[in-house]
Amino acid sequence: MLFRQVGQIHFQRSALTGFAIVLALASVNLWAAVGALFASAVALATAYLARLPREARVDGLYGFNAALTGAGLLSFFAPGPLLFAYLALVSVASTFVSARWTAWGRLPPLTLQFVLAMWLALAIESAFGQRISPPGCEDSWTSVICNVGQVTFISGLRPGLVVLFAFAWHDKEEAFWLAAGAAVAWMASDALDLFAPGLAAGEQLVGLAVNAALIGQGLTVFGRRPGVRLAGILLSVPVCLALAAAGVKYFTLPFILVTWAMLLLSAPRVAAPPAAREAA
């Protein structure tokens, strides 16, 4: 269940997916992998001690925000006691919020708790000491694969391929739309360079790709038609650009907003399985 929670970052009830993510992350940033596992373990222990519903607990639905936050914090900050204390508190709180949100059930929580935890960490970053910059991706076709891994702060072509193959092993359609979202974002950034050079390069390209990829995968999990998935991917581009122009460090906020909007505005093609309806 520890690795299954990590897999649920990408909507996958799969310990293999979670293990692949942690392995690929460790090859790039060992401390980020430690952070993801530490947060996942705290969330899992909290769910057990609080006797939260077993089915959702086994599916890994209470700990994926904590695991993603652990990877994110240790990608932005050097490890230290205060950072791990903050991560532990966030992981406990995230577990209870996830339980309440899952019981509510009208919209999936997605990665909102991760975004809020990262914003708070950046607001008090002086307490955590040294700030570091997470590795990005090259601005070439290989960034399509690299940016698939960037969802969990993994950089590089080979680690990205490891993660994408794990996704495809679990669900080929999800893997396709995840990669399609990243590819559309890369093509959009190239098109934007013709009119506003530098607008969608570097960190902004990563942000575009991460959010577009998650939207493509998420709308697939929730049973939306291909046209809806593509519309969501395309809509993520102006949303990302608008938030960046407003100076917002948006992380996965565009993914959350666009996915919620598309879920409310469209009907599912088929009924999603129970675990998928509650997933990340």
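The backbone oxygen of D59 lies 2.8 Å from a polar atom of the side chain of Q8, a polar contact in the sense of a pair of N or O atoms within 3.5 Å, where within protein one atom must be able to donate a hydrogen and the other to accept it, and where residues adjacent in sequence count only if both atoms are side-chain atoms. The model is a predicted one, in which local features need pLDDT of at least 70 and side-chain atom pairs count only at pLDDT 80 or more, while totals for chains, interfaces and linings use all residues. Residues are numbered from 1 along each chain as its sequence is written, and side-chain values use heavy atoms, with hydrogens and water left out.

Q8 lies in the loop between α1 (2-7) and α2, the helices being DSSP runs (H or I, at least four residues; strands are E, at least two) numbered from the N terminus. Because its relative accessibility is 1%, Q8 counts as buried, a word that here means under 20% relative accessible area, with exposed set at over 50% and partly exposed in between (1.4 Å probe, protein chains only). Q8 and A67 are separated by 59 residues in sequence, and their C-alpha atoms are 9.4 Å apart in space.

The loop between α1 and α2 also holds F11, and F153 is placed in the loop between α8 and α9 (157-170).

| Residue | Phi | Relative accessible area |
|---|---|---|
| F11 | about 65° | 5%, buried |
| F153 | near 65° | 10%, buried |

T17 belongs to helix α2 (residues 15-28) and is counted as buried because its relative accessibility is 0%. Its side chain is joined to that of Q12 by a polar contact of 2.6 Å. If residues up to four places away in sequence are left aside, T17 touches G7, Q12, A166, F167 and H170, where contact means heavy atoms within 4.5 Å.

Turning to the packing of helices, two packed helices are described by the angle between their axes and the distance between the axes. The axes of helix α5 (residues 64-76) and α6 come within 9 Å and cross at roughly 160°, the axes being lines fitted to C-alpha atoms over the stretch in contact, with angles running from 0 to 180 degrees between N-to-C directions. α5 is therefore roughly antiparallel to α6, since angles over 145 degrees count as roughly antiparallel, under 35 as roughly parallel, 65 to 115 as roughly perpendicular and the rest as oblique. On the α5 side the contact is made by N65, A66, T69, G70, L73 and L74, and on the α6 side by L83, F84, Y86, L87, V90, S91 and S94. By class, this contact has eight nonpolar, five polar and no charged residues; Ala, Val, Leu, Ile, Met, Phe, Trp, Tyr, Cys and Pro count as nonpolar, Asp, Glu, Lys and Arg as charged, and the others, Gly among them, as polar.

Helix α6 (residues 81-104) also packs with helix α7 (residues 112-123), at an angle of about 150° and with the axes 10 Å apart, so that α6 is roughly antiparallel to α7. Here Y86, V90, S94, V97, S98 and W101 of α6 meet L112, Q113, A117, L120 and A121 of α7, a contact with eight nonpolar, three polar and no charged residues.

Helix α8 (residues 143-150) is mostly covered, with eight of its eight residues buried.
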